[in-house]
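Thanks for asking me to look this one over. My notes follow as numbered points, to be read with the model open beside them.

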Amino acid sequence: MSDGIKLAPSLLSADFARLGDEVRAVAAAGADLLHFDVMDNHYVPNLTVGPLICSAIKPHCPIPIDVHLMVKPVDRLIPDFAAAGARIITFHPEASEHVHRTIGLIKSHGCLAGLALNPATPLTTLDHVLEDLDLVLVMSVNPGFGGQSFISSALPKLEAIRRRIDESGRAIMLEVDGGVKIDNAAAIGAAGADVLVAGSAVFGQPDYQSVITAIRSAAQNGQASRRATASAA
Ligand code: DX5
Ligand code: ZN
């Protein structure tokens with residue numbers, strides 16, 4: 001996952017009356033992952049879907065399901081999402097009493113483990129756990145709703161985490177979530193993200209394939225310019 005850019009459309013902006021069709025459509029349009037936003041009306045002020053819907057869409061989903069848990073407490077739901085077909089499970093440190101234990105719980109159920117940092121969550125949250133993670137998710141909006149504007153302080157945050165990941169020598173995915181569009185994807189790729197979540201930018205469009213391709217190619221251009229700058233230095 002360290003090479004190339006992955007696109008993860010967020011199901012939050014899909015037509016919920018046609019979820020199976022929507023999942024098949026984004027996969028056929030070239031999505032790499034399906035981002036599955038779980039909200040509980042407690043950790044975030046919105047209520048979405050749970051393991052029942054995850055297992056219902058699983059047979060329609062030929063790409064890995066990337067579950068983003070915005071729930072508190074988080075541990076009790078992890079075995080349920082693993083059984084429902086999640087490949088990656090990401091949680092927020094504020095939603096767990098014992099972050100290291102929750103990471104271990106996700107892995108013990110055979111899933112990849114991700115930690116999500118809200119716009120105001122400091123990078124020191126990654127101290128002592130980065131090496132245990134498979135993915136770091138940088139929130140570029142406050143969690144809870146699709147269709148919000150990208151918070152630009154996510155860019156230097158991505159750059160700082162990219163440096164830490166590269167120093168670790170591990171192939172940890174760096175995902176960004178919130179307000180991702182065609183016109184900011186190059187800057188996001190240049191900042192070091194390699195997994196881009198896009199909800200309203202994809203599901204709001206008539207042609208999923210052209211928007212997925214456009215976001216990926218803009219982010220790849222940004223990634224290439226970052227690498228060129230790094231190798232020239
Ligand atoms: C926000 C969710 C995001 C959201 C992204 O809490 O985690 O995944 O659906 O939607 P857009 O791309 O519309 O900002
Ligand atoms: Zn999300």
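1. A word on aromatic pairs before anything else: rings of Phe, Tyr and Trp (its six-membered ring) pair if their centres lie within 6.5 Å, and planes under 30 degrees apart count as stacked, over 60 as edge-to-face and the rest as tilted. The structure holds 2 such aromatic pairs.

2. Some housekeeping. This is a predicted model, in which local features need pLDDT of at least 70 and side-chain atom pairs count only at pLDDT 80 or more, while totals for chains, interfaces and linings use all residues. Residues are numbered from 1 along each chain as its sequence is written, chains are lettered from A and ligands numbered from 1 in the order in which they are written, and side-chain values use heavy atoms, with hydrogens and water left out.

3. Donors here are N, O and S atoms within 2.8 Å of the metal (3.2 Å for Na, K and Ca); water is not among the atoms, so sites may look incomplete. For the zinc ion (ligand 2), the protein supplies H35 (NE2), D37 (OD), H68 (ND1) and D177 (OD), at 2.1 to 2.3 Å. Along the chain these donors follow the spacing H-x1-D-x30-H-x108-D. H35 sits in strand β2 (residues 34-39) and D177 in strand β7 (residues 173-177), 142 residues apart, so the pair links distant parts of the chain. Helices (H or I, at least four residues) and strands (E, at least two) are DSSP runs, numbered from the N terminus.

4. What is the arrangement of the 6 donor atoms around the zinc ion (ligand 2)? It is octahedral, because the angles they subtend run from 69 to 172°. The cut-offs are these: six donors count as octahedral, and four as square planar, if opposite donors are over 155 degrees apart and all others between 65 and 115; four count as tetrahedral if all angles lie between 85 and 135 degrees; anything else is irregular.

5. Now the sheet. Two strands pair if DSSP finds at least two bridges between them. The sheet is open, has 8 strands in the order β1-β8-β7-β6-β5-β4-β3-β2, and its pairing is parallel. β1 (6-9) and β2 each have a single partner strand, so they stand at the edges with one side left without a neighbour in the sheet. On average, neighbouring strands are turned by 25° against each other, direction ignored.

6. Helix α8 (residues 208-232) packs on this sheet and touches β1 and β8, its direction making about 140° with that of β1. Contact means heavy atoms within 4.5 Å; axes are lines fitted to C-alpha atoms, for helices over the stretch in contact, and angles run from 0 to 180 degrees between N-to-C directions. Elsewhere in the sheet, β7 and strand β8 (residues 195-198) pair in the parallel sense over 3 bridges, with V176 opposite L196 in β8.

7. Is β2 buried or exposed? Buried means under 20% relative accessible area, exposed over 50%, partly exposed in between (1.4 Å probe, protein chains only). In β2, 6 of the 6 residues are buried, so the strand is largely enclosed by the rest of the structure. β2 pairs with β3 in the parallel sense over 6 bridges, and M39 has M70 as its bridge partner in β3.

8. Back to the rings. F36 and F81 have ring centres 6.2 Å apart and planes at 65°, so they form an edge-to-face pair. F36 belongs to strand β2 and F81 to helix α3 (residues 78-83), 45 residues apart. Both F36 and F81 are buried. The rings of F203 and Y208 are also edge-to-face, because their planes stand at 75°, with centres 5.4 Å apart. F203 is buried at 8% relative accessibility, and Y208 is buried at 14%.

9. Finally, some backbone details to check. Most residues other than glycine have a negative phi, and most peptide bonds are trans. K72 and P73 are joined by a cis peptide bond, with omega about -5°; P73 lies in the loop between β3 and α3. N41 has a positive phi near 60° and is exposed, with a relative accessible area of 54%. H128 has a positive phi near 75°, lies in the loop between β5 (112-117) and β6 (135-139), and is exposed at 77%.
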